[in-house]
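Subject: Structure handover

Hello,

Here is the structure for you to look at. Please open it first, then read the notes below it.

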Amino acid sequence: MKKKAPSWKGEWKNTGGEKSVCRKSFTFKGENNFEIQNSRVQGEEQSSGTYKHIESNDYEFDYGGGSDNFTIIVEKNTMKVHSSGKDTICEYTKVDKIRNKYENPWE
């Protein structure tokens, strides 16, 4: 059985880590689709594409014109993202339109 990726669906805003190095936000949608809002230093453009699970917490994000590898760890409403080859760990908080008192994806 293929291990399902964590329920990342939704938007994640940067709340920690070096603002210039960290992406402003990640948005995850449906079938492994993502959008990334780059920081001001990175040109502020949005990138989108698909991601795939490599192993454990490692994922490859494919933009069409290139790709990045990230280690992503999600704990409740916090997501830590580490870009391969960089020292910085960026921290994101889930932005929910509707706040669930109990966040159980299985209910």
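Does glutamate 44 count as buried, partly exposed or exposed, and what is its relative accessibility? This is a predicted model, and in it glutamate 44 has 36% relative accessibility, so it counts as partly exposed.

Glutamate 44 also takes part in a salt bridge: its side chain meets that of lysine 24, at 3.0 Å from N to O. Glutamate 44 sits in the loop between strand 3 (33–37) and strand 4 (46–55), while lysine 24 sits in the loop between strand 1 (10–16) and strand 2 (25–29), so the pair ties together parts that are 20 residues apart in sequence. Lysine 24 is partly exposed, at 39% relative accessibility.

There are 6 salt bridges in the structure. Another one of them joins the side chains of lysine 13 and glutamate 11, at 2.8 Å from N to O. Lysine 13 is partly exposed, with a relative accessibility of 40%. Lysine 52 and glutamate 60 also form a salt bridge through their side chains, at 3.9 Å from N to O. For lysine 52 the relative accessible area is 47%, so this residue is partly exposed.

Now the disulfide. The count is 1, and the bond joins cysteine 22 to cysteine 90, with an S to S distance of 2.0 Å. It links distant parts of the chain: cysteine 22 is in the loop between strand 1 and strand 2, cysteine 90 is in strand 8 (residues 89–95), and the two are 68 residues apart. The torsion about the S-S bond is about -85 degrees, so the disulfide is left-handed. Cysteine 22 is buried at 1% relative accessibility, and cysteine 90 is buried with a relative accessible area of 7%.

Regards

Conventions:
Residues numbered from 1 in each chain as written. Predicted model: local features only at pLDDT ≥ 70, side-chain atom pairs only at ≥ 80, totals over all residues. Heavy atoms only, no water. Salt bridge = Lys/Arg side-chain N within 4 Å of Asp/Glu carboxyl O. Buried < 20%, exposed > 50% of the residue type's maximum accessible area, 1.4 Å probe, protein only. Helix = DSSP H or I, 4+ residues; strand = E, 2+ residues; numbered from the N terminus. Disulfide = S-S within 2.5 Å.
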